[in-house]
Amino acid sequence: MITMMRVDDRLIHGQVAVMWSKELQIQRIIVASDRIAANELQVSALKMAAPADVKAAILPIDKAAGIINDPRSKDMKILVISNDPADLLHLAEKIGERPVLNIANYGRIGGDLSQKTKVAESVYLTGQDKEVIEKIAGLGIEIIHQPLPSDTRQAFQKMMGGK
């Protein structure tokens, strides 16, 4: 079962590997991205960044969906991460679960920040990002902003100027 999905440019890093994994008692981290799964160097680095007691898998979206939909995953606590909201939209369309999506550190790496809207100190979105996020919400997925477990959970769509 997916405990949480997260959009984070840094993928597996200290906040995810240490704080969120402990807070949510994660057993498996799945990085869902066709692009990242095709990069052997990134796959190796991400697996090394995961806590020793948490299995990390860096998978293309279809394969990640297959694992999540497998009945054997029902009793696992899984954290799904991508550095692109569109990846998580595609994944959400292929699975039956509707876990919370935490958008916490996204949009500052790459691209021209002047072409993006600042939604939070650590989140910058393009118009296309906003459209993708609205589609995710349309699937019945709650979207939040909570960088750290100790931070206050905020309704992401309100932060974007919506409901």
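These are my notes from looking through a predicted model.

**Helix α4**

I started with helix α4, residues 61–69, and asked which of its residues are buried. I found I61, A64, A65 and I68 on that list. Looking down the axis of α4, I see these buried residues fall within an arc of 100 degrees, so they line one face of the helix. That goes with a general rule I keep in mind: an α-helix has 3.6 residues a turn, so residues three or four places apart point the same way. On the other side of α4 I noted D62 and K63, both exposed.

Next I looked up what the buried residues of α4 pack against. My list has the strands β1 (2–8), β2 (28–32), β3 (55–59) and β4 (78–82), plus the helices α2 (34–37) and α5 (85–92).

**Strand β5**

Then I went to strand β5, residues 101–105. How many of its five residues are buried? Five of the five are, so I put β5 down as largely enclosed by the rest of the structure.

β1 and β5 run parallel and are joined by four bridges; in one pairing I wrote down, D8 has N105 of β5 as its bridge partner. β5 also pairs with strand β8 (residues 143–145), again in the parallel sense, over two bridges. There, L101 has I143 in β8 as its bridge partner.

**Cores**

I looked up the largest nonpolar core and got 33 residues. V80, L91, L101, I103, L125, I143 and F156 have the most contacts inside it. The general background I had in mind is that nonpolar side chains tend to be buried together in soluble globular proteins.

**Two positive phi values**

Last, I looked at two loop residues. L11 is not a glycine, yet I read a positive phi near 60 degrees for it. I place L11 in the loop between β1 and α1 (14–24). Is L11 buried or exposed? I have it as buried, with a relative accessible area of 3%.

Q25, also not a glycine, has a positive phi of about 55 degrees. I find Q25 in the loop between α1 and β2. Q25 is exposed, with a relative accessible area of 54%. So my entry for the pair reads: L11 buried, Q25 exposed.

Technical notes:
Residues are numbered from 1 along each chain as its sequence is written. This is a predicted model: local features need pLDDT of at least 70, side-chain atom pairs count only at pLDDT 80 or more; totals for chains, interfaces and linings use all residues. Side-chain values use heavy atoms; hydrogens and water are left out. Buried means under 20% relative accessible area, exposed over 50%, partly exposed in between (1.4 Å probe, protein chains only). The arc is that of the directions from the helix axis to the C-beta atoms. Contact means heavy atoms within 4.5 Å. A nonpolar core is a set of buried Ala, Val, Leu, Ile, Met, Phe, Trp, Tyr and Cys residues joined through side-chain atoms within 4.5 Å. Two strands pair if DSSP finds at least two bridges between them.
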